[in-house]
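Thanks for coming. I will go through one structure this morning, starting with the whole chain and then moving to a few local details. Please have a look at the sequence and the model first.

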Amino acid sequence: MSEISASEKLEYVKSKIGKYPDFPKAGIVFRDIFGALTDAKACAYLRDLLVDHIRESAPEAEIIVGLDSRGFLFNLLIATELGVGCAPIRKKGKLAGEVVSVEYKLEYGSDTFEIQRSAIKPGQKVVIVDDLLATGGSLVAASELIRNVGGIIVESLVVMELVDLEGRKRLDGKVHSLIKY
Ligand SMILES: O=P(O)(O)OC[C@H]1O[C@H](OP(=O)(O)OP(=O)(O)O)[C@H](O)[C@@H]1O
Ligand SMILES: Nc1ncnc2[nH]cnc12
């Protein structure tokens, strides 16, 4: 039996992602990753697509950082497949020990992100992962934190990108999205 291709996997995952107009606020079209994750095949295909991409594009990655909270669905998964570690960037007040903080705005609000200073060793090569890139506020803030604690960002990887919001323009370095809306 021949294996299903990457583009077939992508189409399958895309077909399972939910779309909710006017959530969480009027005018926002919410793209719901959880709609795909209840489907076993979509989970496995997403894992393959993300891991294969990093193997190709950023094989030098030493740690996978996930953004609170939907990024956590993917950072441990990718890290275990690649045989590297993972770390969280969390919303304010959730991380113990010495933390570095930054305030930021996102498509439908504002918040504060934190990272533990001990999470990343100086010079360590980092891939950031999240479910979605909208305005880019979250990824810009995460990048600032990672650089502040001495990490080198080799790539930012998201499952979905809302292209019209042009978040990509605010990010330097490699940015990759599996699905573009
Ligand atoms: O590109 P931006 O405009 O910054 O928006 C993208 C961010 O918004 C969502 O997170 P949210 O803060 O809603 O947190 P959640 O994952 O806990 O739902 C999403 O998971 C991204 O992290
Ligand atoms: N439109 C959107 N759908 C899902 N998550 C988001 N985070 C920011 N904007 C979003």
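**A loop, a helix and the chain around them**

Let me begin with one residue: Ser69 is in the loop between β3 and α4. The peptide bond that joins Asp68 to Ser69 is cis, with omega about -5°.

Before I go on, some housekeeping. This is a predicted model, where local features need pLDDT of at least 70 and side-chain atom pairs count only at pLDDT 80 or more, while totals for chains, interfaces and linings use all residues. Residues are numbered from 1 along each chain as its sequence is written, chains are lettered from A and ligands numbered from 1 in the order in which they are written, and side-chain values use heavy atoms, with hydrogens and water left out.

Now the whole chain. The protein chain has five helices and nine strands; helices here are DSSP runs of H or I with at least four residues, strands are runs of E with at least two, and both are numbered from the N terminus. In sequence order the pattern reads α-β-β-α-α-β-α-β-β-β-β-α-β-β.

Of the 181 residues, 46% count as buried, meaning under 20% relative accessible area, with exposed over 50% and partly exposed in between (1.4 Å probe, protein chains only). Among contacts between residues at least 6 apart in sequence, 59% join residues at least 24 apart; a contact means heavy atoms within 4.5 Å.

On charge, there are 24 positive and 26 negative side chains, and the centres of the two sets lie 2 Å apart. Lys and Arg count as positive, Asp and Glu as negative, and His and the chain ends are not counted. Each charge is placed at NZ of Lys, CZ of Arg, CG of Asp or CD of Glu.

Next, helix α4, residues 72–82. Which of its residues are buried? They are Phe74, Asn75, Ile78 and Ala79. These four cover an arc of only 125° around the axis, so they sit on the same side of α4; the arc is that of the directions from the helix axis to the C-beta atoms. The buried residues of α4 pack against α3 (40–57), β3 (63–67), β4 (85–91), β7 (125–133) and β8 (152–161). After α4 comes Gly83, with a positive phi near 75°.

The loop between β1 (18–21) and β2 (29–32) holds Pro24. The Phe23 to Pro24 peptide bond is cis, with omega near -5°. Asp22 is also placed in the loop between β1 and β2, and its phi is near 60°, a positive value in a residue other than glycine.

Glu166, in the loop between β8 and β9 (175–180), has a positive phi too, near 55°. Glu166 is partly exposed, at 42% relative accessible area.

Last, Pro122, in the loop between β6 (109–116) and β7. Buried or exposed? Pro122 is exposed, with a relative accessible area of 73%. The C-alpha atoms of Pro122 and Ala26 are 43 Å apart, and the two residues are 96 residues apart along the chain.
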